[in-house]
Amino acid sequence: MNRWRDFIQRFNVVKGRLDITPAHIYLTLKLAALKEGVSRYIMITNLGISEAKAKTLQKKLKELNILKPLRGGHILTEYGNKLFNYLSRKLVEIGYIPTEDISRYCYGILLKKYDRVPNAVLIRDMIIRFGGSAGLILYKMNSKIIFPESGESLSTYDDELNGYLLEKGVEDGDLILIAGSSDEYLSKLAALNTALSILEEIE
């Protein structure tokens with residue numbers, strides 16, 4: 001069962017009207033998973049959205065039984081926890097990557113157990129569509145991180161990046177996507193939106 005696809009289909013009407021992306025939703029769930037929960041102010045500060053969008057996003061997540069109120073903020077419901085735990089098993093944030101070879105700011109995501117050679121061109125196009133300026137798509141197979149188009153090993157071209165990614169716990173079958181941008185936050189949003197859109201389509 002793809003819990004994320006089921007949820008996005010239920011949320012989609014509001015998402016389209018408000019220009020709220022899957023990344024905004026995921027980051028809200030992540031904040032709400034913290035012990036103290038998430039307030040509207042925290043959403044505005046961390047997500048870079050307006051008060052009106054934060055208010056409507058919060059309201060919709062409550063209507064869909066994802067959030068419940070707690071001491072002036074909101075935490076995850078039982079269903080919200082199940083959805084966030086599902087995402088946490090599938091998606092791992094590597095975070096900002098210390099390289100400027102791709103772009104000034106680069107944000108990496110692992111899609112765990114993707115288990116198919118990815119279409120790198122298609123995924124790079126998605127990164128650009130979500131506001132990134134560049135993208136690097138990699139895949140781990142037979143204990144090596146490779147470029148999926150050629151099958152060549154990353155270590156041949158960038159041993160430092162290869163070693164850095166291996167330290168992050170990349171396993172065989174994992175898809176690695178890195179989104180680049182001249183804007184720090186946009187690189188993160190582009191990476192998350194691309195990964196979440198891929199996750200919506202698989203299984």
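This is a predicted model: local features need pLDDT of at least 70, side-chain atom pairs count only at pLDDT 80 or more; totals for chains, interfaces and linings use all residues.
**Charge patches and an aromatic cluster**

Residues are numbered from 1 along each chain as its sequence is written, and side-chain values use heavy atoms, with hydrogens and water left out.

A patch here takes residues with over 30% relative accessible area and no salt bridge, and joins like charges within 9 Å. A salt bridge means a side-chain nitrogen of Lys or Arg within 4 Å of a carboxyl oxygen of Asp or Glu.

Helix H4 (residues 51-63) gives the largest share of the positive patch, three residues. Lysine 59 sits in helix H4 and is exposed, at 52% relative accessibility; exposed means over 50%, buried under 20%, and partly exposed in between, with a 1.4 Å probe and protein chains only.

Next, the negative side. Glu100, Asp101, Asp159 and Glu160 gather in a surface patch of negative charge. Glutamate 100 is in the loop between strand E3 (91-96) and strand E4 (105-111), and is exposed at 65% relative accessible area.

Now the rings. The whole structure holds five aromatic pairs, meaning ring centres within 6.5 Å, with planes under 30 degrees apart called stacked, over 60 edge-to-face and the rest tilted. Phenylalanine 7 and phenylalanine 11 make a tilted pair, 5.7 Å centre to centre with 35° between the planes. Both lie in helix H1 (residues 3-18), four residues apart, about one turn of the helix. Phenylalanine 7 is buried at 0%, and phenylalanine 11 is buried at 0%. Ring pairs link Trp4, Phe7 and Phe11 into a cluster.

How values were computed
Patches are made of residues with over 30% relative accessible area and no salt bridge: like charges are joined within 9 Å, nonpolar side chains (Val, Leu, Ile, Met, Phe, Trp, Tyr) within 5 Å. Accessible areas come from the Shrake-Rupley method with a 1.4 Å probe; for residues, only the protein chains shown count as cover. Lys and Arg count as positive and Asp and Glu as negative; His and the chain ends are not counted. The place of a charge is taken as NZ of Lys, CZ of Arg, CG of Asp or CD of Glu. Helices (H or I, at least four residues) and strands (E, at least two) are DSSP runs, numbered from the N terminus. Rings of Phe, Tyr and Trp (its six-membered ring) pair if their centres lie within 6.5 Å; planes under 30 degrees apart count as stacked, over 60 as edge-to-face and the rest as tilted.
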